[in-house]
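Here is my note for a colleague who is new to reading structures. Please keep the sequence and the view open while going through the numbered points.

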Amino acid sequence: VCSSDLGPGLTKAGKFPTLLSSSDDMQEKIDEVKSTIKFQMKKVMCLNVAIGNVSMDKKEIIVNTQLAANFLASLLKKQWQNIGQMYLKSTMGPPQQIFF
């Protein structure tokens with residue numbers, strides 16, 4: 001299988017393999033990739049980001065939500081003034097609006 005065939009599809013899906021040199025610690029690299037978040041923008045003016053999973057406790061999810069929201073605001077030109085509304089949504093649950 002040629003990387004020129006798979007490369008664009010894997011990159012677009014965010015599944016492209018990460019380079020690991022012989023001097024790198026594998027567990028450290030795994031933890032780094034797991035702790036990296038990626039903001040995804042759909043066709044509408046909406047951003048999606050994963051902030052937690054079912055194995056995390058309530059406090060960890062709250063901290064991740066705050067970090068993700070503050071990081072997103074820091075990327076925007078007018079910071080928090082560019083953000084109209086924020087929602088939290090689980091995979092199967094209804095969206096919950098965050099008031100700030």
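1. Among the contacts in the chain with a separation of 6 or more, 16% are accounted for by residues 24 or more positions apart. Please bear in mind throughout that this is a predicted model.

2. As for the overall layout, the chain contains three helices and four strands, and reading along the sequence gives the pattern α-α-β-β-α-β-β. Of the 100 residues in the chain, 10% are buried. The accessible surface of the chain is about 8900 Å², and carbon and sulfur atoms contribute 59% of that surface.

3. Which residues of α3 are buried? They are T65, A68, A69, L72 and A73. Because these residues cover an arc of only 130° around the axis, they lie on the same side of α3.

4. What do the buried residues of α3 pack against? Their partners are the strands β2 (47–48), β3 (86–88) and β4 (96–98). Leaving aside residues up to four places away in sequence, T65 touches I51, L88 and I98.

5. The loop between β2 and α3 holds G52, a residue that is partly exposed, with a relative accessible area of 42%. Although G52 and S90 are 38 residues apart in sequence, the distance between them in space is 9.3 Å, taken from C-alpha to C-alpha.

6. Finally, the surface deserves a look, where L20, M26 and I30 make a nonpolar patch of about 260 Å². Of these residues, L20 is found in the loop between α1 (3–13) and α2 (26–34). Is L20 exposed, partly exposed or buried? At 36% relative accessibility, L20 counts as partly exposed, because that class lies between the cut-offs of 20% and 50%.

Note on methods. Residues numbered from 1 in each chain as written. Predicted model: local features only at pLDDT ≥ 70, side-chain atom pairs only at ≥ 80, totals over all residues. Heavy atoms only, no water. Buried < 20%, exposed > 50% of the residue type's maximum accessible area, 1.4 Å probe, protein only. Helix = DSSP H or I, 4+ residues; strand = E, 2+ residues; numbered from the N terminus. Arc of directions from axis to C-beta. Contact = heavy atoms within 4.5 Å. Patch = residues over 30% accessible without salt bridge, like charges linked within 9 Å, V, L, I, M, F, W, Y side chains within 5 Å. Areas by Shrake-Rupley, 256 points an atom, 1.4 Å probe, with all protein chains shown as cover. Salt bridge = Lys/Arg side-chain N within 4 Å of Asp/Glu carboxyl O.
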